[in-house]
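I opened this entry to keep track of what I looked up, one stop at a time. The notes follow the order in which I went through the model.

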Amino acid sequence: MMSPRPAPLVHARKAGDVTLATVLTPDLHEANAEDLGEELFRLGEGVARPRLRLDLAQVTFLTSTVLGKLVCLHKRVRAAGGELVLLNVTGYVYEVFELTRLHQFLDVRRPPRAAAS
Amino acid sequence: MLVNGTQVCWIHSLADAGPLLTAVCQAMEAAGYPEGDVLAVRVAVWEALVNAIEHGNGGDPAKQVRVSYVVLQGVVLAEVEDEGPGFDPAQVPDPRDPENLERQGGRGLLLMRHCMDLVTHNDLGNRVNLCKYHSAR
């Protein structure tokens, strides 16, 4: 008997040449980092100049391993001439990007209202 | 750690880490710790466990990680010890340096130090002690 497929971690949809991927789980850590990486890498595969928007609004817990996955994804997308934008990053998760200074390297955006305040 | 109420357990893989972290967080919530403190301890203990299991024990499930923790009214103490050769925390490159920003790893210790009030290692470097004070007291 086949084992059940794990629930997807992201929901992706196309809007023109942009892929908007919404992360569906609040916790990103070692237990799902590999699956997340595979799902995200797949979104940019075979696409010339992939334009990827990753919505992290639902994410409240994220570990250093997942930061590494996002760095890796950014480098792959950049190498293909595309761009990766992290959207709706709030609270502790935004704090982590600032702490690690990855907000200087990655395009990390808070929700519009939070960014304005 | 010689404090009354200290819980001790041994884990072998990250699969064991979830229930342990849940127990720590539930104990903190029951003791009235703010949500931010609970999240900070969850992050720091998780990073310590990842370091111990994957780096210290080299991912060998035959090796174990000893974890002890105690949740008191004003402070949470945790200790994570692996069976590895240890490391020198002073030699860990700063992941915030521009030349390290694109590296995939090396941010766990930084997160631990950010989340906790005190992070210390034993001389060998295979045991880390974490301390978090109740932020509202």
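I began with what the buried residues of H3(A) pack against: strand S5 (61–62), helix H2 (64–79), S6 and strand S7 (107–108) of chain A, together with H2 and helix H3 (108–115) of chain B. Contact here means heavy atoms within 4.5 Å. Helix H3 of chain A covers residues 91–99, and its buried residues are Tyr92(A), Val93(A), Tyr94(A), Val96(A), Phe97(A) and Leu99(A). I took buried as under 20% relative accessible area, exposed as over 50% and partly exposed as in between, with a 1.4 Å probe and protein chains only. Helices (H or I, at least four residues) and strands (E, at least two) are DSSP runs, numbered from the N terminus. Just after H3(A), Arg101(A) takes a positive phi of about 65°.

This is a predicted model, in which local features need pLDDT of at least 70 and side-chain atom pairs count only at pLDDT 80 or more, while totals for chains, interfaces and linings use all residues. Residues are numbered from 1 along each chain as its sequence is written, chains are lettered from A and ligands numbered from 1 in the order in which they are written, and side-chain values use heavy atoms, with hydrogens and water left out.

**Chain A, the sheet**

I looked up the strand order next. Chain A has an open sheet of five strands in the order S1-S2-S4-S6-S7, with mixed pairing. Two strands pair if DSSP finds at least two bridges between them. Strand S1 (10–15) and S7 of chain A are at the edges with a single partner strand each, so one side of each has no neighbour in the sheet. H2(A) packs on this sheet, where it touches S4 and S6 of chain A, and its direction makes about 145° with that of S6(A). For such angles, axes are lines fitted to C-alpha atoms, for helices over the stretch in contact, and the values run from 0 to 180 degrees between N-to-C directions. Helix H1 (residues 30–44) of chain A lies across S1, S2 and S4 of chain A and runs at about 10° to S1(A).

How many residues of strand S4 (residues 51–55) of chain A are buried? Four of its five residues are, and I noted the strand as mostly covered. Strand S2 (residues 18–23) of chain A pairs with S4(A) in the parallel sense over five bridges. Across that pairing, Leu20(A) stands opposite Arg53(A), and Thr22(A) stands opposite Asp55(A). S4(A) also pairs in the parallel sense with strand S6 (residues 83–87) of chain A, over five bridges. There the bridge partner of Leu54(A) is Leu86(A).

**A lysine in chain A**

I checked Lys69(A), which lies in helix H2 of chain A. Is Lys69(A) buried or exposed? Lys69(A) is buried, at a relative accessible area of 13%. Leaving out residues up to four places away in sequence, Lys69(A) touches Ala33(A), Glu34(A), Gly37(A), Phe41(A) and Gln104(B).

**Chain B**

I counted three helices and five strands in chain B. From the N terminus on, they run β-α-α-β-β-α-β-β. Of the 137 residues of chain B, 43% count as buried. The C-alpha trace of chain B spans about 40 × 35 × 25 Å along its principal axes.

The open sheet of chain B has five strands in the order S1-S2-S3-S5-S4, with antiparallel pairing. Strand S1 (7–11) and strand S4 (118–121) of chain B have a single partner strand each, so one side of each is left without a neighbour in the sheet. S1(B) and strand S2 (residues 65–71) of chain B run antiparallel and are joined by five bridges. Trp10(B) stands opposite Arg66(B) in S2(B).

Two helices lie across this sheet. Helix H1 (residues 17–30) of chain B lies across S1, S2 and strand S3 (75–81) of chain B, at about 15° to S2(B). Helix H2 (residues 35–56) of chain B lies across S1, S2, S3 and strand S5 (127–133) of chain B, at about 180° to S5(B).

Last, I looked at Glu79(B), which is in strand S3 of chain B. Glu79(B) is buried, with a relative accessible area of 10%. Its side chain and that of Asn129(B) are joined by a polar contact of 2.8 Å. A polar contact is a pair of N or O atoms within 3.5 Å; within protein, one must be able to donate a hydrogen and the other to accept it, and residues adjacent in sequence count only if both atoms are side-chain atoms.
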